[in-house]
Amino acid sequence: MNIIYSLSAIGISLLIGYVLNVYLTGLPASLYGMIVFALLLHLRIFNAKKIEATIAFLLRNMGICFVPAGVGIITHFEIIKQHGLTLVAIIFVTTFLLLTLVGVLYQRFEDNSKNINNTVSQK
Amino acid sequence: MSILSIELNTLASCLLFSLLTCLVYFSFVELQRRTNKVWLNPLLLAILAVIALLLNFSIDYTEYQQATNVITWLVEPAVVAFGFPLYQQIPAIKSHWKKILLLLSFSCAFVVSISLLLTMFLIAIPEIAVSLSLKSITTAIGITLTEQLHGDSSMTAFAIILAGLFGAVFGIKWLEFIKVTSPRAQGLAIGAASHALGTATISQLSYQHAAFASLALILSAVITALISPMLITQLLTLF
């Protein structure tokens with residue numbers, strides 16, 4: 001029963017997402033659906049307890065949805081032969097830049113707020 | 001009569017290719033569960049195995065793609081399902097939300113721009129540049145945005161998996177090396193750069209790693225979805 005409840009909750013959110021997409025444009029319908037789903041859960045219109053297990057299952061196994069899209073890479077044989085190494089290098093470098101940026105900035109923010117707390121408590 | 005046989009044929013190939021894809025994917029899921037190795041990523045291995053099968057039996061990709069449309073339709077409800085972890089993160093967002101939102105908005109804008117510019121300078125194919133600029137967010141949302149911005153979904157899927165693997169395998173070691181030691185900072189960084197793959201991997205470390213990584217995963221995806229249509233279109237006009 002919980003499975004049907006969860007799937008209907010997702011279906012309803014996606015439907016509202018489609019309506020929002022028509023009227024507001026901008027974001028894809030599924031993203032509006034995601035935000036609607038979170039809101040309806042927060043407002044306790046959907047019962048989170050009933051949905052939890054199904055969602056955990058879906059999130060764990062959603063990789064399967066992307067296999068066909070990923071396989072499409074074979075239509076790019078030429079690009080890969082020509083630029084494969086450059087592609088991997090760009091992905092590698094930008095991923096580590098992002099890791100560094102977020103990690104260092106948040107760590108600095110945390111250290112700063114700790115120092116402020118310390119000076120406040122010393123006073 | 002012939003129309004009926006064609007339809008039966010399509011139905012049969014739909015069933016065959018979809019079941020085959022599931023079989024391949026879930027065998028690799030089982031393999032990873034038993035070996036517990038991050039780099040044995042089921043999505044990556046399943047893609048490679050299906051490619052090998054298609055090449056071996058000289059099956060055209062469009063035929064495979066049409067036959068597995070059923071599987072691709074599931075992407076939309078899968079994106080919606082992310083609303084659940086987002087709902088779970090609402091209390092965490094409340095405490096430091098301004099700082100975290102500001103930090104992630106800046107980082108997302110930075111990584112989208114730098115990836116797009118680097119790819120345009122080095123490879124100069126706009127579709128590929130769009131795909132690479134959307135590689136730091138979770139696959140479901142990355143692919144949805146790629147289609148909206150006329151990028152190439154298969155390139156995005158591939159780039160996203162690689163970005164996830166790099167962060168999942170080397171992320172913590174790199175962050176320790178540059179003296180980022182707080183579990184919250186580590187979680188946020190890996191969630192932002194390596195999405196669900198990184199998040200799943202470091203969630204075993206501690207509750208704080210898991211909470212901050214999934215927070216960054218969700219927020220980066222939403223922020224990127226909000227800013228990238230404008231940002232990418234503007235940046236592409238430079239070329």
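Trainee: What volume does the second largest pocket have?
Mentor: About 360 Å³. Keep in mind that this is a predicted model.
Trainee: OK, and which residues lie nearest the centre of the second largest pocket?
Mentor: Leu58(A), Asn61(A), Ile64(A), Cys65(A) and Leu74(B), out of 17 lining residues. In chain A, α1 (2-24) and α3 each supply at least two residues of that lining, and α1, α4 (69-73) and α5 (75-81) of chain B do too.
Trainee: Now the largest pocket. What's its volume?
Mentor: About 1500 Å³. Its lining has 42 residues, with Leu59(A), Arg60(A), Ala196(B), Thr199(B) and Ala200(B) nearest the centre.
Trainee: And by class, what is the lining of the largest pocket made of?
Mentor: You get 23 nonpolar, 15 polar and four charged residues.
Trainee: Switching topic: which residues have the most contacts inside the largest nonpolar core?
Mentor: Val67(A), Val71(A) and Leu188(B), in a core of 94 residues. The largest share of this core comes from α11(B), with 14 residues.
Trainee: What does Val67(A) touch, leaving out residues up to four places away in sequence?
Mentor: A set of chain B residues: Thr21(B), Tyr25(B), Leu43(B), Ala46(B), Ile47(B), Val50(B) and Tyr64(B).
Trainee: Last one: which residues does the second, separate core include?
Mentor: Among its 14 residues are Leu40(A), Leu41(A), Ala48(A) and Ile51(A).

Methods. Residues are numbered from 1 along each chain as its sequence is written. Chains are lettered from A and ligands numbered from 1 in the order in which they are written. This is a predicted model: local features need pLDDT of at least 70, side-chain atom pairs count only at pLDDT 80 or more; totals for chains, interfaces and linings use all residues. Side-chain values use heavy atoms; hydrogens and water are left out. On a 1 Å grid over the protein atoms alone, a cavity is a set of points where a 1.4 Å probe fits but cannot get out, and a pocket is an open set with protein on both sides within 12 Å along at least five of seven lines; lining residues have an atom within 4 Å of a point. Grid points are joined across faces, edges and corners, and a volume is the space filled by probe spheres set on the points. Ala, Val, Leu, Ile, Met, Phe, Trp, Tyr, Cys and Pro count as nonpolar, Asp, Glu, Lys and Arg as charged, and the others, Gly among them, as polar. Helices (H or I, at least four residues) and strands (E, at least two) are DSSP runs, numbered from the N terminus. A nonpolar core is a set of buried Ala, Val, Leu, Ile, Met, Phe, Trp, Tyr and Cys residues joined through side-chain atoms within 4.5 Å. Buried means under 20% relative accessible area, exposed over 50%, partly exposed in between (1.4 Å probe, protein chains only). Contact means heavy atoms within 4.5 Å.
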